[in-house]
Amino acid sequence: MKFKPEKYKLEDVSMQPFIDVDEIEGLLSTTKSTAEEVRRVIAKSLGKERLNMAETAILVNADDPVLIEEIKQGARTLKEKVYGNRIVLFAPLYIGNKCVNNCEYCGFKSSNKDAIRKTLTDEEIIKEVEALEDNGQKRLILVYGEHPHYTPEYIAHTVDLVYGVKKGNGEIRRVNINAAPLDIEGFKTVKDSGIGTYQVFQETYHPEAYKKYHLGGHKKHYGNRLTSLDRAMEAGIDDVGIGALFGLHDWKFEVLSMVRHTNHLEACYNVGPHTISFPRLQDASMINKDDKYIVTDEEFTRLVAILRLAVPYTGMILTARENEKIRKEVLRYGVSQIDGGTKIELGNYSEDETQNDEQDLNREQFKINDDRSLAEVIDELLDDNFLPSFCTACYRLGRTGEHFMEFSVPGFIKRYCSANAILTLAEYIEDYGKESTAIKGWKVIEKQIEELKEFQKVDEIKDRIERIKKGERDLYF
Ligand code: SAM
Ligand code: SF4
C-alpha cells in the first residue's frame, strides 16, 4: 500500500511510521561482525549496491581496529572508483533566526533570551548575496528558524531574490533550503521558486531521545518531522536531504535509521535521498546536551565511512562545524560537498572583515570550527589534488537525481561532472583567483584533462576553456 504522508498531522505526536526502534536495537544487539562478514559487506558496496540495515549493522558493530581500517579503506576506494576527485563547494546563508521551537541543543531556541533575533531585510539579503558572489560562490543553502514569519511564500520570495542578484560575473545558480517541514501545498510553493534540494534533518531518529530534546513548537512532533520529506516528494520535490544531528543519541542507532529512511524513500518514491548530512553537535548559546552520546573523532570518521558504503549513490555533505583536520580526513571517505568561507552570524558576509573576526554565540546557531575563507579552502583542495567544483548543470538541465546518475550511468562522471568541474574552476580562477591559486588551479585542470583523454575527446573542453578566458560564462555539458 502506498504511504500517505498527508495522513500524518501535527497532532499525531507518537506516530512512528517507518522507524521500528525494536528492530533497530535488536539488530545492534545481536549482529556479530566477523572479518568475513565485514569484507562481504564492503565488497557488496564496492559492487555499487546499497546496503540494507542488517548489512550496515555489520559495519557499525565492527570494533576491531583492523576491520575499521578496512571499512575506511573501502570508503576511500568507493570514492576514488566512482566519484573521482571532485568536491562541490557551497555556502550557507542564514536568512532569519526567529524561532518558535525549543530544541535544547540550538542557540536559536525560543527559550534563549540572550539570542539576538534578526531576519535579514530584502536589501540585506541582496548585500549578503553580492558579498558571496564577490568571493566566487555559485551555490547557496538558505537557512531559516521556524516562525510564522517564514511562510512558504516568504521562503519562495527569498529564493527569487537570491537568484535575481547578479554582480559582475557573479550569480547564484543553485539555491538549496534548510527550513522547517511544510505541508504539501507549502512544499509546492517553495518548489515553484526553483529550489535545488530541500533539507530536513530528523536530528535523532530515536523517539524518546527526540522527545527529550524537542520541548516546544511544531518540532516536538516526531512523526510530523519524520514524514516531512514524504510530503516534499508528494509536492514534486525529488531532491531531498536527510540528516541526523550526531550527539543526541547513540550514533549507531542513527546510522541504521538513516539507512531505513533511505530505503523508505526508495520504496515509496523510487528515489533515495539526494544528500545525507551528518552534523555533529557543537557548542551554542544556552544549550543543554547530554555528554553520554558525544561522538568522538574516531567514531565520527568511522560513521562517515560507513554511511558512504551504506548508501553509495548519495551526495554526502560535510560542514564547517568540523575543524580543518577532520575535514581533510573525511574528504577522502566519500564526502562530495563542503562549505567554504562560511559565516553563520546573520548579515556577516557583507560586514567589514576587519571589524569582526570573533564568533558571538548569541548571534549564531552554534560554533563553527573551520572559519577559513573560500579562497583558502580552494587552495587547500588544489594542494591535495582535489578538483573544486561549482557545477550546477544537472539541476539546470532538469537532470534530477544527478548523484544517482553519476553513480549508475557508465561514463557519466567523466563526460559531464569532471568536464563541468573543470569549466567552473576555470571561471573561478579567471574571476576570483589570486595568482598563486591560478597557477595551482591550471595545473590541476591540465592534469585532469590529461586523465580524461583516455576516455573522451577533450577538444571540446579545451575549446570552452578558451571561450571562458575570452569572457564567456556559464558554459556546461
Ligand atoms: N529551523 C530549521 C530546523 O530546525 O529544521 C532549520 C534548521 S537549523 C537552522 C539547521 C540544523 O542545524 C538543524 O537541523 C540541526 O541539525 C543543526 N544544529 C542545531 N543546533 C546545532 C548545534 N548546537 N550544533 C550543530 N548543529 C546544530
Ligand atoms: Fe529553531 Fe531549528 Fe534551532 Fe530548533 S534547530 S530551535 S527549529 S532553528
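How do the residues of the shell around ligand 2 divide into nonpolar, polar and charged? They divide into four nonpolar, three polar and two charged. Here Ala, Val, Leu, Ile, Met, Phe, Trp, Tyr, Cys and Pro count as nonpolar, Asp, Glu, Lys and Arg as charged, and the others, Gly among them, as polar.

This is a predicted model, where local features need pLDDT of at least 70, side-chain atom pairs count only at pLDDT 80 or more, and totals for chains, interfaces and linings use all residues. Residues are numbered from 1 along each chain as its sequence is written, chains are lettered from A and ligands numbered from 1 in the order in which they are written, and side-chain values use heavy atoms, without hydrogens and water.

**Ligand 2**
- Its shell holds Cys99, Asn101, Cys103, Cys106, Phe108, Lys109, Gly145, Lys219 and Gln365; a shell residue has a heavy atom within 4 Å of the ligand.

**Ligand 1: surroundings**
- Ligand 1 is surrounded by 19 residues.
- The closest are Tyr105, Glu203, Lys219, Arg225 and Gln282.
- Ten residues of this shell are nonpolar, four are polar and five are charged.

**Ligand 1: polar contacts (pairs of N or O atoms within 3.5 Å)**
- A polar backbone atom of tyrosine 105 lies 2.8 Å from a nitrogen atom of ligand 1.
- Glutamate 203 places a polar side-chain atom 2.5 Å from an oxygen atom of the ligand.
- Lysine 219 has a side-chain N or O atom 2.7 Å from an oxygen atom of ligand 1.
- On its own, ligand 1 has 560 Å² of accessible area (Shrake-Rupley method, 1.4 Å probe), and the protein covers 97% of that area.

Conventions: Polar contact = N/O pair within 3.5 Å; in protein donor to acceptor, adjacent residues only side chain to side chain.
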